[in-house]
Amino acid sequence: MVTNLQDDQDAQDSQDTPAPQHAPDAPDAPDAPPPGCPAHAARLYGPDFRRRPDETYQRIRQDSGPVAPVLLEGDIDAWFVLGYRETRQVLSDTETFGRDPRRWNGWDSVPPDWPLMPWVAYSPMMTFTEGEEHQRRATAASEALATVDPFVLRGHCERLADQLIDKFAASGRADLVYDYIYSVPTLATAELFGLSQDEAGLEALAAGLTVSFLSNEEAIAGQQRVAAYVTELVRAKREDPGPDLTSRFILNTPDLTEEQHTADIMVLMAAALPLTSYWIGNTLRLMLTDERFAMNLSGNRRSIGEAMNEVLWADSPLQNLIGRYATRDTDLGGRRVHAGDLVVLGLAAANADPLLWPDTPVGHAGNHSHVAFSGGDYGCPAGGPETARIIAETAIEVLLDRVPDLTLAVAPDELRWVDSFWYRCLESLPVTFSPAPVTAG
């Protein structure tokens, strides 16, 4: 299975020493208490964090600076990187901050049913490889994505969007999360990866991927269901390849095992499906609640692009990444990080670094230097963000064309957020609108 999770904790062979206490080496740094100290380490979980993560990030930054000790779900120690400059430093320095989780010195304190386990425990995914092996597999993924025709993809998404809107257009109301936001990327992903168009199977895949990123006991089972589904897909494409991303990636990496192919396709799907859905949802929420965009819902294409870019800066669908693991003792943002320490990248927090925005009225327009897609050698493969943008932008454009008077059906502060350390996404987005005719097709 791809999800070998704790079974591979032979990782412990290099973690015989107890987890470090991280007391600062320099006597003039009294503001650097050890991670895990309840009096100082903020918790990156719980209802307050889920409801307003931006306030949590701001409080941590004020109390501890650009790199801070935090507690993850289950009070697991980690370093949290909030500074934009420090985040870029970690993303670019792969020699000091490795990606293989078997380096982590904290495995002894992690329970086997840890909710964050699915995408942290070692498995044969390309995201856990390093050096030439990672470059080779990441390049193969980028080469597969390069074969996606953007015009064909946009046309396909337009047809999918119209078909989905037809199902609720006449009613004058919808919950966009359930009726639309997940469905467009799911169907587009099926086309891109050569999946069966079986509706039940696609719903199960989308649900499994979504659940695997939740901060609850369902996460591990969700990823296991996805692994079983993708394994069958990989087996079919290894025997009978077609004109799809799965087949192209397999043909680009003939030396990989079935398990490795499955793991890497899961990584690509996880980026393509939940991330794109949440980008759509967060953008629609912004446009329905912020008068700068709400006043331009009808007919203004430019406002859609601006809203999508602002979301990547201010309400990033991908909030946090686990992680990086220090390969040696080092200094980061004024902290002494020890070999084997876990470093969590706060992508949303880094994008909100006040050092980037001394003049807040300037806004985000035209600025694409965010880290919403991570960056460096382990950022999204080339072509991935553009593919996601086409799917998301097309979905929003078609929706606003068909039902231009969308109105939020509840007060903005009544919207609820999914309990996820990784992502920022809505549980539901109820709207009303004037009933619209179905399309001729």
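A salt bridge here is a side-chain nitrogen of Lys or Arg within 4 Å of a carboxyl oxygen of Asp or Glu. By this rule, the predicted model has 27 salt bridges.

**Stop 1: D75 and R43.** Select both side chains. They meet in a salt bridge, at 3.1 Å from N to O. D75 sits in the loop between β2 (67-72) and β3 (76-81), and R43 in strand β1 (residues 42-43), so the pair ties together parts 32 residues apart in sequence. D75 is partly exposed, at 35% relative accessible area. R43 is also partly exposed, at 34%.

**Stop 2: R50 and D419.** This salt bridge has an N to O distance of 3.5 Å. It links distant parts of the chain: R50 is in helix α1 (residues 47-51), D419 in the loop between β10 (407-408) and β11 (430-432), 369 residues apart.

**Stop 3: R285 and D315.** Their closest N and O atoms are 3.2 Å apart, in a salt bridge. R285 belongs to helix α12, and D315 to the loop between α14 (301-314) and β6 (320-326). R285 is buried, at 19% relative accessible area. D315 is buried too, at 9%.

Now select E133, R136, R137, D255 and D264. Salt bridges that share partners join them into one network.

**Stop 4: helix α11.** Select residues 258-272. Is this helix mostly covered or uncovered? It is mostly covered, with 12 of its 15 residues buried. Among them are H261, D264 and M269. Show its neighbours next: the buried residues pack against α4 (131-145), α7 (183-193), α8 (199-212), α9 (219-239), α10 (245-252) and α12 (274-289). Finally, check the length: at 1.5 Å a residue α11 should span 21 Å, and its end C-alpha atoms are 21 Å apart, which agrees.

Technical notes. Residues are numbered from 1 along each chain as its sequence is written. This is a predicted model: local features need pLDDT of at least 70, side-chain atom pairs count only at pLDDT 80 or more; totals for chains, interfaces and linings use all residues. Side-chain values use heavy atoms; hydrogens and water are left out. Helices (H or I, at least four residues) and strands (E, at least two) are DSSP runs, numbered from the N terminus. The expected span of a helix is 1.5 Å times one less than its number of residues. Buried means under 20% relative accessible area, exposed over 50%, partly exposed in between (1.4 Å probe, protein chains only). Contact means heavy atoms within 4.5 Å.
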